[in-house]
Amino acid sequence: MQKSILKRMTAALFGTAVLILGGFTAFAEPEEGTAGEDGTAAIPTLWVVGDSTAAEFQDNYYIPRCGWGTQLYRYFQGIGIRNLAVSGTSTKSFMETPQYQTLLSEMRDGDYLIIGFGHNDEKAESARYTNPNGTASTPGSIQYYLTEAYIEPARAAGVTPLVCTPIVRRDPGDNYNGESGHIIGDQTTIEGTFEGGDYGKAIQMAAVAKNVPVINLTKRTREIYKTLGATKVRDRHAWLSSREVSIDNTHTNIYGACWNAWLIANELAQTNCPLKNYLISNPTPPNKWLLGYNASYQDRAFSQPTEDSSHWPSIGDWKGTVFGDVEAMEYVNDIYFTLAPYDEDAVRIAAGRFDGGDDTTVGAKVGKISTRTDGIAMYYQTVPANRNFTFSADVTIQKLDANNQASFGLMARDDIYVDTVSNDTLGDYVAAGPLMLDSDEPWNCFARKSGTLTSGGALTHSYGAGDTVHLEIRKSSDGYTCTFGDNAPVSAGFDFPLTGLDPEHVYVGMFVARSADVVFTNVNLEIE
């Protein structure tokens with residue numbers, strides 16, 4: 001795939017011109033259902049609920065993500081479409097979103113509902129996991145949530161439900177009998193053991209048991225992906241950067257989304273579901289497409305460090321560094337930062353002079369996590385980008401100035417720098433730790449994506465000097481899950497690969513930023 005091909009910014013896709021502009025996919029907006037004078041719908045609405053594979057995105061990817069829910073309008077007429085899919089959600093966690101409340105309050109008699117979950121029901125965390133082995137009457141099972149939270153409420157409102165199994169994940173080895181095909185083994189985490197199983201099959205069984213039409217997207221996409229091979233289906237997926245190794249194997253681009261929307265239409269036409277009456281005549285799959293690159297995307301140069309720090313001692317496989325917005329190079333020293341062993345099998349990292357010192361420029365505060373830049377002290381290791389891992393540790397807080405730029409915890413990022421001062425926004429990362437500690441709503445974990453700092457959610461359990469907190473980052477095929485103490489695990493919004501700058505490596509480690517002094521123990525990095 002050559003960049004000259006990618007620069008063809010106009011092409012026919014079903015006879016419709018499409019452009020990728022500044023991270024946004026531009027296309028004709030689907031029509032929403034409209035209300036008549038008596039308040040009833042003049043035309044019915046097709047509601048879509050699901051996860052990231054159906055959702056809308058606003059990326060700064062080289063080839064942005066696009067979910068199939070955004071492309072259904074190409075195959076329907078005479079019906080409005082409301083896509084409520086939310087990235088990172090499962091049948092269980094979607095119930096906590098405003099979109100779910102919108103669905104319950106606004107769907108009307110005569111409407112239709114497409115339900116498309118599965119990717120995140122597999123996640124080994126209590127907030128999202130659903131058991132694939134129980135029936136519709138088994139609390140906690142995916143069949144239970146599909147039935148109780150979606151199928152039955154829809155029917156009670158006079159809405160016709162339709163269920164989709166999840167699309168497969170692109171597998172470079174063309175093996176779709178495991179995780180890429182949504183067949184998961186048992187998983188054990190700090191929250192316990194999560195039973196595995198076949199999620200596609202479980203979704204089918206729920207639909208059949210409740211006499212609901214089911215679109216087997218898992219089967220259809222698996223057949224296509226195995227026939228074409230991983231090399232040929234790469235053009236259906238998002239690319240984080242212009243390098244092929246940055247392909248997002250879970251999320252499709254607009255071409256892949258159009259194909260999956262067509263598969264739904266194609267399967268729907270073979271059912272007895274009345275929704276098929278709104279299909280356009282003879283819907284055909286995309287035969288011409290634009291692999292449009294993001295016109296505002298610019299590759300950034302990055303080279304993996306070849307030398308260790310000359311100032312901070314390595315501890316086993318962990319390498320020390322201070323980098324980013326830390327005022328000036330003259331502050332990269334052991335007066336303002338501490339990175340060192342602490343007793344046996346423990347590591348101490350500190351940033352800042354808690355006595356204030358006599359430096360009026362920096363005072364007690366160095367480094368930061370801010371909306372625009374980061375300044376971080378970190379002990380890190382390098383992990384192959386194509387390997388999943390679990391990274392955990394306990395951290396004891398010795399001192400902490402709870403300001404809005406102070407933080408500590410575990411981090412996974414797509415770049416690393418050795419004792420380098422820069423006030424530029426650096427790479428993407430996810431962090432298991434707190435932020436905005438002096439605000440009305442402190443953050444439970446956080447991430448930076450395409451330069452934008454985002455919260456993982458509200459902090460419900462706060463910790464201070466003298467407390468010991470357990471931290472964890474888990475990498476899966478779909479992204480990252482971060483856990484900070486007794487707060488809820490965070491993964492929604494963290495479903496992106498850290499391959500934008502270094503497509504071959506992920507850098508994981510323990511970090512501190514601005515006015516924190518902590519000790520890490522029980523540090524464990526398990527690479528699958």
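Glu307 is exposed, with a relative accessible area of 61%; exposed means over 50%, buried under 20% and partly exposed in between, for a 1.4 Å probe and protein chains only. The model is predicted, local features need pLDDT of at least 70, side-chain atom pairs count only at pLDDT 80 or more, and totals for chains, interfaces and linings use all residues. Residues are numbered from 1 along each chain as its sequence is written, and side-chain values use heavy atoms, without hydrogens and water. Glu307 lies in the loop between H6 and strand E16 (319–324); helices (H or I, at least four residues) and strands (E, at least two) are DSSP runs numbered from the N terminus. From C-alpha to C-alpha, Glu307 is 8.0 Å from Val418, although 111 residues separate the two in sequence.

The largest nonpolar core contains 54 residues, and Phe337, Ile349, Phe389, Leu410, Ala412 and Phe520 have the most contacts inside it. Such a core is a set of buried Ala, Val, Leu, Ile, Met, Phe, Trp, Tyr and Cys residues joined through side-chain atoms within 4.5 Å. Strand E21 (residues 389–400) supplies the largest share of this core, 5 residues. A second, separate core has 36 residues, including Ala54, Tyr75, Tyr225 and Leu263.

Leu217, Arg220, Thr221 and Ile224 in H5 meet Asn260, Trp262, Leu263, Ile264, Asn266 and Glu267 in H6, contact meaning heavy atoms within 4.5 Å. By class, this contact has 5 nonpolar, 3 polar and 2 charged residues; Ala, Val, Leu, Ile, Met, Phe, Trp, Tyr, Cys and Pro count as nonpolar, Asp, Glu, Lys and Arg as charged, and the others, Gly among them, as polar.
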